[in-house]
Amino acid sequence: MQKCLSAEEAAALVPDGAKIMIGGFLGCGTPHRVIDALLDAGVGDLTLIANDTDRANTGIGKLIHERRVRRVVATHIGLNPETQQGLLEGGFEVDLVPQGTLAEQIRAGGYGLGGVLTKTGLGTIAARAGQTMTINGEEWLYMPPIRADFALIYADSADQAGNLAYHFTQHNFNPLMAMAGETVICEAREIVPVGVIAPDHVKTPGVVVDYLVGSA
C-alpha cells in the first residue's frame, strides 16, 4: 500500500532550493493543493520545470507571484506577465524550451536515455541550452536529459498501490514527470482500492510513485 499524506505533509518534504517538476497544462492536471501547501510552508529558491507558469497568481503562477522561484524551465509563459517580467528584468532565470523538446528531455531523463537530438531550435536562442553537432553531414541540436528532485503531479484516480489513471490534458506531462522525479508525489482526485482501476487504464505504475495526496 502506498503512503498517503496530507498536502501539508507532502510540502514538508520539499526543501528550499529543490529542483521540482510540476505537471499540468495551463492549470489542468496541476496539483493545486500541493502548490498551496508549498506556499504556506514558505518553501523557496526553487528550480521549476513545467510546461507553463499558468496565469498570474494562479496555480503554478502563485509560486512566481510569491517569489519562490529562482529559475524556470518552461515552454510557454505568454499568459503570465509576472514570468515575462522576471525574464525581461532579470528577477529570476527563465529558460524557454520548445514544448516537444522539453517533453522529450523529461522522457529521456525518466527512461535513462542520454538526451535528445532535434532540429527544433537550431539557429535560435533555444540552442543555447544544448550543443550543436553534425551527424552524417546534418546539423542537429543535442539537448540533455532532465530529472528533478521532486515530481509533483496530478492524476484523476490512484489506487492504494499508487497506480495512476489520467483524464484528458492530465496526460500531457504528468506521466513523463512521474518517471523523471527522484521523489514522486501525486495528488489525486480520488484514491480507490486496488482493482478498481482497470489494468489497461493504468498509465503510471505504482512502483514509481512514492506518496499519494488525496482530496481534502
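**Ground rules.** I'm working with a predicted model, where local features need pLDDT of at least 70, side-chain atom pairs count only at pLDDT 80 or more, and totals for chains, interfaces and linings use all residues. Numbering starts from 1 along each chain as its sequence is written, and side-chain values use heavy atoms, with hydrogens and water left out.

I looked up an open three-stranded sheet and got the order 6-8-7, antiparallel. Helices (H or I, at least four residues) and strands (E, at least two) are DSSP runs, numbered from the N terminus; two strands pair if DSSP finds at least two bridges between them. Strand 6 (116–118) and strand 7 (131–135) are the edges, each pairing on one side only. I noted five bridges between strand 7 and strand 8 (residues 138–143), and T132 has L141 in strand 8 as its bridge partner.

**Helix 2.** For residues 32–41 I listed V34, I35, A37, L38 and L39 as buried, meaning under 20% relative accessible area, with exposed over 50% and partly exposed in between (1.4 Å probe, protein chains only). They pack against several elements, including helix 1 (7–12), strand 9 (148–159) and strand 11 (181–192); contact means heavy atoms within 4.5 Å. G42 follows the helix with a positive phi, near 80°.

**Cysteines.** I searched the whole structure for disulfides (cysteine sulfur atoms within 2.5 Å) and found zero. The cysteine sulfur nearest to that of C4 belongs to C186, 10 Å away. C4 is partly exposed at 45% relative accessible area, whereas C186 is buried at 0%.
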